[in-house]
Amino acid sequence: MSRVEIRPMVREDLPAVEAIEHEGFSLPWPKDAFAHELENALARYLVLVEDGVVAAYGGMWMILGSSEITSISTAPWARRRGYGERLLRALMALAYEELEITEMTLEVRVSNLPAQALYTKLGFVTEGKRDKYYEDNKEDALIMWCHDTRPYMAGSAEAAGGR
């Protein structure tokens, strides 16, 4: 049986996180972006590690009483195992434990139906749209909000690997 843990992202995770980012997105973040995010006092990033290997990551900014998911992705070999859901729940718990933040937002491609289904399962609703948001193909983004993450979060930030 695999050993899975969620913990804060550290510099040593960056090569694996960058590889997942490049495999998962047509417009990946620049190489140094995650290194800068680790220094950002308003940002929190977690990795999900399976048997010592980074299988997924997720991050958020916590500002003005809400949190915004900046990026979340799972390595192709680790998909369909519920890791995205576990990470999102852990981010919800972390935001609540650190700053009692219960509102969370994100943007998602209109065509990304699996992600939308996950977000809906965890209490997100579509509240807007950003026309031609994505640079690569000018695809629209849905703006989704969860106004009370408490029913959906992991048990605690400590269990989720919070700092």
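This is a predicted model: local features need pLDDT of at least 70, side-chain atom pairs count only at pLDDT 80 or more; totals for chains, interfaces and linings use all residues.

**Stop one: the rings.** There are six aromatic pairs to find in this structure. Start by selecting Trp29 and Phe34, whose rings are 4.8 Å apart, centre to centre, with 25 degrees between the planes. That angle is under the 30 degrees cut-off, so the pair counts as stacked. Now colour by accessibility: Phe34 is buried, at 1% relative accessible area, whereas Trp29 is partly exposed, at 22%.

Ring pairs tie Trp29, Phe34, Tyr45 and Tyr57 together as a cluster.

**Stop two: a pair of tyrosines.** Select Tyr133 and Tyr134. How are the planes of their rings set, and how far apart are the centres? The planes are at 90 degrees and the centres 5.0 Å apart, so this pair is edge-to-face. Tyr133 is partly exposed, with 36% relative accessible area, while Tyr134 counts as buried at 15%.

Stay on Tyr134 and bring up Arg109. The charged end of Arg109 sits over the Tyr134 ring, 4.0 Å from the ring's centre.

**Stop three: Glu85.** Move to helix H3, residues 83–99, and pick out Glu85. Is Glu85 buried or exposed? Glu85 counts as buried, at 18% relative accessibility. Next, show Lys121: its side chain and that of Glu85 are joined by a polar contact of 2.8 Å. To finish, select Leu118 and Leu122, which are also in contact with Glu85.

How values were computed: Residues are numbered from 1 along each chain as its sequence is written. Side-chain values use heavy atoms; hydrogens and water are left out. Rings of Phe, Tyr and Trp (its six-membered ring) pair if their centres lie within 6.5 Å; planes under 30 degrees apart count as stacked, over 60 as edge-to-face and the rest as tilted. Buried means under 20% relative accessible area, exposed over 50%, partly exposed in between (1.4 Å probe, protein chains only). A charge sits over a ring if NZ of Lys or CZ of Arg is within 6 Å of the ring centre and within 35 degrees of the ring normal. Helices (H or I, at least four residues) and strands (E, at least two) are DSSP runs, numbered from the N terminus. A polar contact is a pair of N or O atoms within 3.5 Å; within protein, one must be able to donate a hydrogen and the other to accept it, and residues adjacent in sequence count only if both atoms are side-chain atoms. Contact means heavy atoms within 4.5 Å. Lists of a residue's contacts leave out its neighbours within four places in sequence.
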